[in-house]
Amino acid sequence: MSTAVEHLLAVRKAIVKAELEANRREGSVTLVAVSKTFESDEIRPVLDAGQRVFGENRVQEAQSKWPRLREDYADIELHLIGPLQSNKSEDAVALFDVIETVDREKIAAALAAEMKKQNRFPKLYVQVNTGSEPQKAGIEPKEAVAFVKRCRAIHGLAIEGLMCIPPADENPGPHFALLEKIAREADVEKLSMGMSGDYEIAVGFGATSVRVGSAIFGSRT
Ligand SMILES: *Cc1c(COP(=O)(O)O)cnc(C)c1O
């Protein structure tokens with residue numbers, strides 16, 4: 001068994017444990033395996049082990065790997081978890097099944113236009129910058145509810161979820177709680193939160209998906 005597959009099974013087991021500890025139904029949390037920087041050869045064993053949901057943070061990198069992998073494996077669900085430039089929205093709409101990083105008006109408009117043009121409708125999440133970090137993408141927490149409403153009303157986008165990346169040096173719990181609160185106010189169902197270091201905590205705060213990279217594939221160089 002490849003190391004990545006051993007890690008995958010351990011992460012799946014830890015998710016089930018966290019679900020049960022939080023009195024949540026087993027299987028209620030989706031594992032998004034974050035394969036950015038890893039080659040197709042390293043991803044294939046994880047696909048062979050049955051994993052079908054993956055996250056990539058760059059459109060171009062994803063384009064270089066996933067169309068080929070999709071020929072060999074059915075039912076792959078690909079999530080874009082990195083910042084999106086509006087000039088990449090055509091490629092993003094064509095390739096991804098979930099775009100987790102809608103965070104400004106211009107992107108919302110570009111995605112709406114592309115989705116109509118391609119008649120292809122990836123699910124959309126709004127990224128919230130819960131720590132208001134200047135270097136980080138995402139809409140400000142205090143603007144998030146209004147932004148979700150504008151995406152729906154003005155751009156006709158069905159926003160299904162929220163995503164956040166808490167500041168690296170802070171306790172993530174309050175950030176997960178904030179995202180959950182905004183989701184309730186904005187009437188959004190899905191919560192993408194939790195990474196290798198804190199996915200079990202995120203499950204306790206109601207994550208519906210966790211994005212786990214290095215705990216499965218190893219450290220990125
Ligand atoms: C890279 C990345 C992850 C995975 O990070 P790990 O700590 O390796 O699990 C999750 N979410 C986003 C947005 C990322 O860019």
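1. Helix H6, which covers residues 141–153, has 13 residues and reaches 19 Å from its first C-alpha to its last, close to the 18 Å expected at 1.5 Å a residue; that expected span is 1.5 Å times one less than the number of residues, and helices (H or I, at least four residues) and strands (E, at least two) are DSSP runs numbered from the N terminus.

2. This is a predicted model, in which local features need pLDDT of at least 70 and side-chain atom pairs count only at pLDDT 80 or more, while totals for chains, interfaces and linings use all residues. Residues are numbered from 1 along each chain as its sequence is written, and side-chain values use heavy atoms, with hydrogens and water left out.

3. Buried in H6 are Pro 141, Ala 144, Val 145, Phe 147, Val 148 and Cys 151, where buried means under 20% relative accessible area with a 1.4 Å probe, protein chains only. The buried residues of H6 pack against strands S4 (98–102), S5 (123–127) and S6 (159–163), and against helices H5 (105–118) and H7 (173–186).

4. The count of disulfides is 0, a disulfide being a pair of cysteine sulfur atoms within 2.5 Å. The sulfur of Cys 151 is 17 Å from the closest cysteine sulfur, that of Cys 164, which is too far for a bond. Cys 151 counts as buried because its relative accessibility is 0%, and Cys 164 is likewise buried, with a relative accessible area of 0%.

5. Leaving aside neighbours within four places in sequence, Val 102 is in contact (heavy atoms within 4.5 Å) with residues including Leu 111, Tyr 125, Phe 147 and Cys 151.

Key
Buried < 20%, exposed > 50% of the residue type's maximum accessible area, 1.4 Å probe, protein only.
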